[in-house]
Amino acid sequence: MTETEIPPAETPLTETARRAGFLPFALPTVEEEDIEEVVGVLRSGWLTSGPEIKAFEQELGAEVTPASALAVSSGTAAMHLALTSLGVTPGRSVITTPLTFCSTAHVIEQSGCRPVFVDVEPGTLNLDPVAVRAALEHGRHDVAAILPVHYGGHPCELDEILGIAAVHGLPVVEDAAHAFGAAFRGTPIGAVPGEDEHRAVCFSLYATKNITSGEGGVLTGARPVVDTARLWSQHGMSRDSWQRYGPRGSWDYEVVVPGFKYNMSDLQAALARTQLRRWRALQERRTAIARRYTELFDGLDEVQVPECRPHVTHAWHLFPVRLRLPQLTIGRAEFIDELRRLGIGTSVHFIPLHQQPYYRDRYGHGSGDLPVASAEFERLISLPIYPRMSAADVEDVAAAVRQVVAAHRRRS
Ligand SMILES: Cc1ncc(COP(=O)(O)O)c(C=O)c1O
């Protein structure tokens, strides 16, 4: 379907925008070269962490994020390791956003600490630096670190967050699960200028992320931070399996900390390497889709498109639109149901964590807490955005959104 074929805004909800097949919310981009490289590892006889990991870590540093890198089993593992490696000890608190995946807060709990949820800014839905400063200056918590998320792939206001952290002598762990390929004021997310040893950046390589290893994650930071994380990621053993069983290996090792098993396998790293080679093209495709959506929703008052600030490069992992609910006769849940009926898969990022039973009950959060995150959640819908979408898919999504709006526009 071309732009000229999009049903006019006043068309009632009919079958006209229903697609022939369902468009999933997200799909990975797996090519023949990905499959060949993974099969090559299967044939090699070495499946766990080995030469593919080493190559991936080096290529990542050279290609995207000029910092030391550690490949691990998930983005969650990377964040747990980051907190541990930056010396966040049990009994303290970590400031984070409520508008994130649950594992961002879980790793704080698993480190024996308390997540202190601080509100987001209404523009980008990232952790609000003003609210962070207020929590540090007026809060009752013994804060050990700040853990912002680059929500949807739009970097948070990093210079402000890092500045506040420096004033208070706190380390920063960036949840960059969505932000592979993003940049803040020209510096790639994942780079750690000045080898800052109070900082770590954590990417996810989960199946639907901007590049994937099926499941996986990466931690970047100054070399001493990455070295400490590496030790914790391999049971606290001084030699990994390649260093013990590889051609120049030695059987001897020491256990120096009670570490975790968070290593990535060579099978995953082989996939990550081929994906990494194509990351720019994948990124361009996401950016083009975001641009096209923005054009297609121009003038559609009921739908607010995501903000992209001029000083950032957006990774466009998500395209979360916000409904202007007073202008519609239906709520967000019904809007999603209507889109599904028209063949469009969507999602919601995220149900705020202070509203989830575990965090709500454990820390006694009420409905009036974190008003920006709570209010924005009610009107959020993430539309499909991934490189495998065709131009027609993008037009179909926009046509379906326009059609649902037209059928449920509030007439004043
Ligand atoms: C914001 C955010 N943080 C962390 C994670 C966890 O990443 P992983 O699934 O690789 O552990 C996700 C995963 O979707 C996420 O969206």
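In this predicted model, Glu 33 and Arg 277 form a salt bridge through their side chains, with N and O 3.5 Å apart. Glu 33 belongs to helix H1 and Arg 277 to helix H9, so the pair ties together parts of the chain that are 244 residues apart in sequence. Glu 33 counts as partly exposed because its relative accessibility is 28%, whereas Arg 277, at 52%, counts as exposed.

Two further pairs can be set beside this one. Asp 393 forms a salt bridge with Arg 19. This pair also links distant parts of the chain: Asp 393 is in helix H14 (residues 391-407) and Arg 19 in the segment before helix H1 (32-44), 374 residues apart. Both Asp 393 and Arg 19 are buried. Arg 292 and Glu 295 also meet in a salt bridge. They are three residues apart in helix H10, which means that about one helical turn separates them. Arg 292 counts as buried at 18% relative accessibility, while Glu 295 is partly exposed at 44%. Salt bridges with shared partners also join Glu 33, Asp 34, Arg 277 and Arg 278 into one network.

| Salt bridge | N to O distance |
|---|---|
| Glu 33 and Arg 277 | 3.5 Å |
| Asp 393 and Arg 19 | 2.9 Å |
| Arg 292 and Glu 295 | 2.6 Å |

The structure holds 24 salt bridges.

Turning to nonpolar residues, the largest core has 43 residues, and those with the most contacts inside it are Phe 56, Ile 95, Val 132, Ile 146 and Ile 189. Elements that give two or more residues to this core include helix H2 (51-63), helix H5 (129-138), strand S4 (143-147) and helix H10 (279-296). Helix H6 gives the largest share, four residues. Domain 1 (3-25 + 279-407) and domain 2 (32-277) both contribute to this core, so it lies between them. Leaving aside residues up to four places away in sequence, Val 132 touches Ile 95, Val 118, Leu 127, Ile 146, Ile 161 and Ile 164. A second, separate core has 31 residues, among them Val 303, Ile 381, Tyr 386 and Val 397.

How many disulfides does a search of the whole structure find? The search finds zero. For Cys 102, the nearest cysteine sulfur is that of Cys 202, 16 Å away. For Cys 202, the nearest is that of Cys 156, at 13 Å. Cys 102 is partly exposed at 27% relative accessibility, whereas Cys 202 is buried at 1%.

Notes
Residues are numbered from 1 along each chain as its sequence is written. This is a predicted model: local features need pLDDT of at least 70, side-chain atom pairs count only at pLDDT 80 or more; totals for chains, interfaces and linings use all residues. Side-chain values use heavy atoms; hydrogens and water are left out. A disulfide is a pair of cysteine sulfur atoms within 2.5 Å. Buried means under 20% relative accessible area, exposed over 50%, partly exposed in between (1.4 Å probe, protein chains only). A nonpolar core is a set of buried Ala, Val, Leu, Ile, Met, Phe, Trp, Tyr and Cys residues joined through side-chain atoms within 4.5 Å. Domain bounds come from an automatic or database domain assignment. Contact means heavy atoms within 4.5 Å. A salt bridge is a side-chain nitrogen of Lys or Arg within 4 Å of a carboxyl oxygen of Asp or Glu.
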